[in-house]
Amino acid sequence: MNSLFLHNLAEQIALLQSLQPLDGAVAQAGALATQSLRAGGKLMFCGNGGSAADSQHLAAELTGRFIKDRKPLAALALSTDSSALTCIGNDYSFDEVFARQLQGLGRAGDVLVAISTSGNSRNVIRAVEEARALGMSVIGLLGRDGGALRDLCDVAIVVPSQVTARIQESHILIGHTLCGLIEQQLGLV
Ligand SMILES: O=C(CO)[C@@H](O)[C@H](O)[C@H](O)[C@H](O)COP(=O)(O)O
Ligand SMILES: [Zn+2]
């Protein structure tokens with residue numbers, strides 16, 4: 001196929017069609033997140049690069065608005081505070097940039113949404129380890145074979161592709177679905 005756009009489109013359509021078996025895991029993730037919010041918990045998102053952007057995008061759907069006007073929901077991204085990221089990265093290690101923020105902000109009953117297309121980013125793995133130690137639940141938005149994160153998450157949603165961009169495009173569909181499920185289940189839509 002000569003057109004890059006048509007190639008990418010065909011690749012993404014085929015990938016999206018293969019995601020139907022993830023329905024149960026997505027529903028489980030939605031229920032876990034809703035349960036936490038209902039009990040006064042919060043959702044914390046983290047990831048690198050494009051997944052850092054997805055983290056802030058999804059957190060803002062909840063604190064801001066998604067489908068309808070409704071009360072703000074407790075969500076934040078650990079990828080947005082340049083002072084925290086540079087201080088912790090510089091003084092400790094880049095592996096700790098999310099884990100240390102979690103230590104300060106996370107509470108038992110909160111939910112971490114860990115986003116990684118490889119499932120192997122060290123700083124995301126450290127965040128998940130810290131979340132578990134705090135008694136938080138963990139939802140993984142992962143790709144490829146799920147990497148090391150797959151077995152560390154309470155709910156692992158693994159997009160079965162080797163292409164980072166295609167995985168990210170699927171992640172945002174799944175992330176938007178999570179926001180929709182939360183709004184539905186909290187009776188906000
Ligand atoms: O957005 C992209 C590629 O599409 C990149 O910025 C990508 O997110 C970065 O290379 C990340 O560092 C990859 O990390 P991960 O998904 O393997 O955890
Ligand atoms: Zn990207």
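Let's start at Ser121: an N or O atom in its side chain sits 2.5 Å from an oxygen atom of ligand 1, which makes this a polar contact (a pair of N or O atoms within 3.5 Å). Taken alone, ligand 1 exposes 450 Å², and the protein buries 62% of that, with areas from the Shrake-Rupley method and a 1.4 Å probe.

Keep in mind that this is a predicted model, where local features need pLDDT of at least 70, side-chain atom pairs count only at pLDDT 80 or more, and totals for chains, interfaces and linings use all residues. Residues are numbered from 1 along each chain as written, chains are lettered from A and ligands numbered from 1 in the order written, and side-chain values use heavy atoms, without hydrogens or water.

Who else is around ligand 1? The residues near it (a heavy atom within 4 Å) include Gly49, Ser116, Thr117, Ser118, Thr164 and Gln168. The shell divides into nine polar residues, no nonpolar and no charged; Gly counts as polar here.

Now for the cysteines. The structure holds zero disulfides, a disulfide being a pair of cysteine sulfur atoms within 2.5 Å. Cys153 is buried (under 20% relative accessible area) at 11% relative accessibility, and Cys179 is buried at 2%.

How values were computed: Polar contact = N/O pair within 3.5 Å; in protein donor to acceptor, adjacent residues only side chain to side chain. Buried < 20%, exposed > 50% of the residue type's maximum accessible area, 1.4 Å probe, protein only.
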